[in-house]
Amino acid sequence: MQHADQVGYIERMLEMARANRRDDAPGIAHTPVDTYFSRERYDREVATLFRRYPLVVAFSAQLRQPGDFVTNNDSGQPILVVRGRDGVLRAFLNVCRHRSATVETQPCGAGKRAFVCPYHGWSYDLTGKLIGITDGAWFGDLDRSRHGLRPLAIAERCGMVWVVPTALEEGQSTELDIDSFLGAVKPDLESWDMTGWDVHSVTPIRPHMNWKLVIDTFLELYHFRYLHGASVAPLFLDNITTYERRDRHARFAVAKKTLLEIDKEPSSTWRLLDHAVMLYNLFPHTVLAYTADHCGVFTSFPISPDESLINVSILVDPAVRAMRPESYWDTNRDLILAALAEDFAVGATIQTNFRSGANKVQTFGKFEKALDWYHSEIEEALR
Ligand code: FES
Ligand SMILES: [Fe+2]
């Protein structure tokens with residue numbers, strides 16, 4: 001993020017804190033509660049957002065060397081991502097072309113030379129090509145060139161790996177135009193580049209919440225003082241947050257209490273992440289939270305209308321990681337997980353109460369405008 005941009009955020013937040021003003025939308029907004037539990041709506045979201053959009057399914061740190069691979073079933077599609085001997089990252093449906101068994105059953109691994117199906121031993125190379133049919137001379141005629149693993153579109157940027165989990169047809173390009181998709185947030189992600197970063201941990205959680213309700217919990221700071229009073233709220237100013245819609249995504253800075261001391265220093269030395277957490281809502285299912293020394297990556301996947309899987313990943317620059325004992329990073333993660341446990345306990349009551357008939361709509365206050373933006377983008381995508 002450009003320094004001038006950082007100073008702009010800081011000045012806006014300082015002005016808001018001093019005037020006790022919020023970054024308001026013109027008015028309140030609503031979204032219907034049945035969008036969080038209707039089966040029909042859920043099926044459309046899965047078919048569109050979780051089949052045709054780029055999803056974060058892995059990190060560069062997990063796939064550095066040729067032969068490194070990761071499998072991922074979180075979207076409901078069986079995905080295999082592997083780095084080839086040519087250094088190229090590829091993704092496939094992890095489904096054997098003989099009789100549909102799962103080919104690679106491990107969550108991740110290294111030094112792979114070929115994938116061998118556990119059912120009848122068909123084998124595929126790292127480019128997905130079918131290279132071996134056991135008892136091939138007797139199996140019968142088969143065009144091997146048309147029975148490779150089905151490829152998926154994939155892109156790797158700034159330490160993250162996106163895949164669109166729908167099989168490509170023959171001749172379709174596996175190239176995913178992630179730069180256009182990221183649009184106006186791309187320069188920011190490049191400036192907070194995580195390409196060389198480690199994955200400290202990935203913690204899966206399964207809240208009793210619709211997958212969008214999980215994302216909602218990240219999009220306003222209004223609830224901090226009440227819900228997180230005993231965990232993370234003491235670090236932050238009360239609801240001092242500046243929001244910007246960036247194409248279909250959003251970015252916002254969340255002011256820490258140390259911000260109030262910042263003008264003792266000249267603005268040429270100001271660094272936004274020293275005094276704020278910078279959040280990005282990456283459409284459709286990822287939230288990034290960049291802090292002074294790490295990034296939290298939160299990906300929400302649908303399991304049913306009322307259940308989701310959220311992966312909480314902590315990424316750290318290895319040079320920064322080495323400056324602290326491992327217990328420091330574990331404590332950091334545990335603080336995040338404690339705050340999320342508070343969010344998800346309330347979230348489970350919300351998910352249940354949606355069906356009570358008490359509310360036909362969720363009401364978003366003026367400073368909850370990022371929720372309105374998000375739900376509007378989803379509506380637009382499903383149209
Ligand atoms: S299903 Fe894979 S070899 Fe038969
Ligand atoms: Fe929260």
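Q: Where does Arg12 lie, and why is it called partly exposed?
A: Arg12 sits in helix 1, which covers residues 3–19. This is a predicted model, and in it Arg12 has 17 C-beta neighbours inside 10 Å. Buried takes 20 or more, and exposed takes 12 or fewer. Because 17 falls in between, Arg12 counts as partly exposed.

Q: How far is Arg12 from Arg51?
A: Their C-alpha atoms are separated by 39 Å, and the two residues are 39 residues apart along the chain.

Q: How do you know what span to expect of helix 1, and what does it reach?
A: Helix 1 has 17 residues, and at 1.5 Å a residue the expected span is 24 Å. The expected value is 1.5 Å times one less than the number of residues. From first C-alpha to last, helix 1 reaches 24 Å, so it comes close to what is expected.

Q: What makes the buried residues of helix 1 line one face?
A: Gln6, Tyr9, Ile10 and Met13 are buried in helix 1. Looking down the helix axis, the buried residues fall within an arc of 95°, so they line one face of the helix. As background, an α-helix has 3.6 residues a turn, so residues three or four places apart point the same way.

Q: Which residues are exposed on the other side of helix 1?
A: Those are Ala4, Glu15, Arg18 and Ala19.

Q: What covers the buried residues of helix 1?
A: The cover includes strand 13 (236–246), strand 14 (249–256), helix 8 (272–275) and strand 15 (276–282).

Q: What follows helix 1?
A: Asn20 does, with a positive phi near 50°.

Q: Why is Asn239 called partly exposed, and what is its phi?
A: Asn239 lies in strand 13, and its phi is positive, about 60°, although it is not a glycine. It has 19 C-beta neighbours inside 10 Å.

Q: What makes Asp135 buried or exposed?
A: Asp135 has 8 other C-beta atoms within 10 Å. The cut-off for exposed is 12 or fewer, so Asp135 is exposed. You'll find Asp135 in the loop between strand 9 and helix 3 (136–139). It has a positive phi of about 55°, although it is not a glycine.

Q: How do you know that strand 8 pairs with strand 9?
A: Strand 8 (residues 123–124) is joined to strand 9 by 2 bridges, and they run antiparallel. Pairing takes at least two bridges, so these strands pair. Ser123 stands opposite Gly132 in strand 9.

Q: Why are strand 7 and strand 9 called edge strands?
A: The open sheet has 3 strands in the order 7-8-9, with antiparallel pairing. Strand 7 (115–116) and strand 9 (130–132) each pair on one side only, and these are the edge strands.

Q: Where is Pro284, and what bond joins it to Phe283?
A: Pro284 is in the loop between strand 15 and strand 16 (286–290). The peptide bond joining Phe283 and Pro284 is cis, with omega about -5°.

Q: How is the chain divided into domains, and how many residues are in contact?
A: Domain 1 takes in 3–48 + 188–382, and domain 2 takes in 55–175. In all, 18 residues of domain 1 are in contact with 12 residues of domain 2. On the side of domain 1 that touches domain 2, the largest share, 4 residues, comes from strand 18.

Definitions and conventions:
Residues are numbered from 1 along each chain as its sequence is written. Chains are lettered from A and ligands numbered from 1 in the order in which they are written. This is a predicted model: local features need pLDDT of at least 70, side-chain atom pairs count only at pLDDT 80 or more; totals for chains, interfaces and linings use all residues. Domain bounds come from an automatic or database domain assignment. Two residues are in contact if their C-beta atoms, placed from the backbone, lie within 7 Å. The arc is that of the directions from the helix axis to the C-beta atoms.
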